[in-house]
Amino acid sequence: MSKLHTYRITVRWTGDLGAGTSSYRAYSRAHAIEAPGKSAIAGSSDPAFRGDAAAWNPEELLVASLSTCHQLWYLHLAAVNGIVVKSYVDAAEGTMSEEADGGGRFTRVVLRPSVTIAAGGNLEKARALHREAHEKCFVANSVNFPVECVPEIVVG
């Protein structure tokens, strides 16, 4: 029997500079992503689309969601399989194609987790767990573009 999970957030536009959206350049792309009991995330569009480079944009958040979902599954699977992870850092990268009409889509995301496992850990099992984490990742199972995982595992 499957379980349904519902996630509720509020996205609040904070970019009215006084003239609303009276023209393309008249407003800021600033917004806040909020959920009860959590710190707000300052958001904007990508700087290529008149956004604030200091704020998170939706494209970065999508790549971060894929990376963190994989990471959390991997850490869970490592724990239940006796692999002691000492360090996990992912240098994830997403590629988006923009069309002439301004639309676009992601064409792929590559996860590059660098994982250190405790001495005596099973290196082959640690590698295999990345495949299983990818298969179980809720977010990766929800997107319509390839998500690749190129892990590096070190025993240390």
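**Notebook: salt bridges**

I searched the whole structure and found 3 salt bridges. I count a salt bridge when a side-chain nitrogen of Lys or Arg is within 4 Å of a carboxyl oxygen of Asp or Glu. The model is predicted, so I note its limits: local features need pLDDT of at least 70, side-chain atom pairs count only at pLDDT 80 or more, and totals for chains, interfaces and linings use all residues. Residues are numbered from 1 along each chain as its sequence is written, and side-chain values use heavy atoms, with hydrogens and water left out.

**Entry: glutamate 34**

I looked up the partner of glutamate 34 and found arginine 12, with the closest N and O atoms 2.9 Å apart. Glutamate 34 sits in strand E2 (residues 31-34) and arginine 12 in strand E1 (residues 10-13), so the pair ties together parts 22 residues apart in sequence. Strands (E, at least two residues) and helices (H or I, at least four) are DSSP runs, numbered from the N terminus. Glutamate 34 is partly exposed at 24% relative accessible area. Arginine 12 is partly exposed too, at 43%. My cut-offs are buried under 20%, exposed over 50%, and partly exposed in between (1.4 Å probe, protein chains only).

**Entry: glutamate 148**

I found glutamate 148 in a salt bridge with arginine 108, closest N and O atoms 3.1 Å apart. This pair links distant parts of the chain: strand E8 (residues 147-149) holds glutamate 148, strand E6 (residues 104-111) holds arginine 108, and they are 40 residues apart.

**Entry: glutamate 124**

I saw the side chains of glutamate 124 and arginine 127 meet at 2.9 Å, N to O. Both lie in helix H2 (residues 123-136), 3 residues apart, so about one helical turn separates them. Glutamate 124 is exposed at 53%, while arginine 127 is partly exposed at 31%.
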